[in-house]
Amino acid sequence: MKTATHTAWLVGAAVIALSVASGERAYTQGNDPNAAPNPYTMETTWAQLPADRKMGSPIGVEVDKDGKSLWVFDRCGGDGMACAKSKVAPIMHFDPAGKMIASFGAETFNFPHGLGVDKEGNVYATDGRAKNLKGGVVVKYSPQGRALMVLGRPGIPGDTNDLLSEPADVAISANGDIYVADGHGGQSNDRIVKYNKDGKFIKAWAKHGKAPGELDTPHGIAVDAAGNVYVADRVNSRVQVFDGDGKLLHEWKQFGRPSSVFVDKNNVLYVADSQSNERTNPGFKQGIRIGDAKEGKVTAYIPEIQGFGAPESISVDDAGTVYAGFTNKMELRRFVKK
């Protein structure tokens, strides 16, 4: 009996040690990832488009520097899944009431993807497909739609300091540093590329893989007020958090299989999970998970909407309203607090 007791004690100690060693990954195992409360309700109408325009796939959504209006990057008003042959302007600006007040970027992109806004109101858009002498780049625009800078070389994919390959998203820190989630699966890159505010390459980090710090389809990216970088490492079903120089700080699986990430001014993390199912990420349902960006605790969950599924892109205004792009349904919706 003494031997059995001693063995049980050793097993228990090993389990505790494993929990400590695995850190945040152990945190998720004892909790239902779909059980957090939903303090939001969806508004069925908000975005008001001109009579001659319809919503395409809103793959990029980003709240403006004013904290109230919204930028949307869509795949050309429903003209197929791409913009290569369209004359529709895919970057749209909506005022706080939902009225479209500007649009630009026509005949510039092949495959719209990510969107970012800096503290001066400039808009950054990623093109995820390099072909026909355009795409595979990040384009920076003034708020009025004037092209100011291009990162990468149009139509030429690669993994060198001056090239990008299927860039999925972009985020800009408070000091103007630009972070690009460079890659979208397949033979594309799986890395984060950092530039200064003038577009000068600073460094790149990560590679394809599943180990901590490695990436497989970095589909979304965000930067918090302290300069930490949050990456939606989608195929690995985790959010990875790095400091501004690429040092891994956290690996969080409790937010599901992330397609989009956003961190607000109060260090609240919002994660859109548009792919979880029993095959890709068992135990997790699709939806939007909300939690503490410092500790990684999930505090709220907006479940997938019947008939809509879950959004692939999200952003949040200063009032806490969540804006969501449902790419498969070609719908833009927002969620307000109850």
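**Figure 1. Ser 86 in the loop between strand 3 and strand 4 of the predicted model.** Ser 86 is buried, with a relative accessible area of 4%; buried means under 20% relative accessible area, exposed over 50%, and partly exposed in between (1.4 Å probe, protein chains only). The loop that holds Ser 86 runs between strand 3 (70-74) and strand 4 (91-94), where helices (H or I, at least four residues) and strands (E, at least two) are DSSP runs numbered from the N terminus. The side chain of Ser 86 reaches the backbone nitrogen of Val 88 at 3.0 Å. Such a polar contact is a pair of N or O atoms within 3.5 Å; within protein, one must be able to donate a hydrogen and the other to accept it, and residues adjacent in sequence count only if both atoms are side-chain atoms. Between the C-alpha atoms of Ser 86 and Thr 108, which are 22 residues apart along the chain, the separation is 9.4 Å. This is a predicted model, in which local features need pLDDT of at least 70 and side-chain atom pairs count only at pLDDT 80 or more, whereas totals for chains, interfaces and linings use all residues. Residues are numbered from 1 along each chain as its sequence is written, and side-chain values use heavy atoms, with hydrogens and water left out.

**Figure 2. The disulfide of Cys 76 and Cys 83, with Ala 82.** A disulfide is a covalent bond between the sulfur atoms of two cysteines; here the criterion is a pair of cysteine sulfur atoms within 2.5 Å. By this rule the count is one disulfide, which joins Cys 76 to Cys 83 with an S to S distance of 1.8 Å. The link of Cys 76 and Cys 83 is right-handed, with 120° about the S-S bond. Cys 76 and Cys 83 are both buried, whereas Ala 82 counts as partly exposed at 24% relative accessibility. Ala 82 lies in the loop between strand 3 and strand 4. Leaving aside neighbours within four places in sequence, Ala 82 is in contact (heavy atoms within 4.5 Å) with Arg 75, Cys 76, Asn 110, Phe 111 and Arg 129. The C-alpha atoms of Ala 82 and Val 63, 19 residues apart along the chain, are separated by 23 Å.

**Figure 3. The largest nonpolar core, viewed around Val 261.** A nonpolar core is a set of buried Ala, Val, Leu, Ile, Met, Phe, Trp, Tyr and Cys residues joined through side-chain atoms within 4.5 Å. The largest has 15 residues, and those with the most contacts inside it are Tyr 230, Val 239, Trp 252, Phe 255, Val 261 and Leu 269. At least two residues of this core come from each of strand 15 (229-233), strand 16 (238-242), strand 18 (258-263), strand 19 (268-273) and strand 21 (298-303). Not counting residues up to four places away in sequence, Val 261 touches Gly 220, Ile 221, Ala 222, Tyr 230, Ala 232, Val 239, Leu 269, Tyr 270 and Val 271. Apart from this core lies another, of 14 residues, among them Tyr 270, Ile 302, Ala 324 and Phe 326.

Figure 4. Strand 19 and strand 20 (residues 287-292) run antiparallel and are joined by six bridges. The bridge partner of Val 271 in strand 20 is Arg 289.

**Figure 5. Ser 276 in the loop between strand 19 and strand 20.** Ser 276 is buried, with a relative accessible area of 4%. The side chain of Ser 276 reaches the backbone nitrogen of Arg 257 at 3.4 Å. Not counting residues up to four places away in sequence, Ser 276 touches Gly 256, Arg 257, Asn 281, Phe 284, Lys 285 and Gln 286.

**Figure 6. Positive phi at Asn 132 and at Ala 206.** Most residues other than glycine have a negative phi. Asn 132, with phi near 55°, is exposed at a relative accessible area of 61% and lies in the loop between strand 7 (123-127) and strand 8 (138-141). Ala 206, with phi near 85°, is partly exposed at 30% relative accessibility and lies in the loop between strand 13 (201-205) and strand 14 (218-223).

Key:
Pairing = 2+ DSSP bridges.
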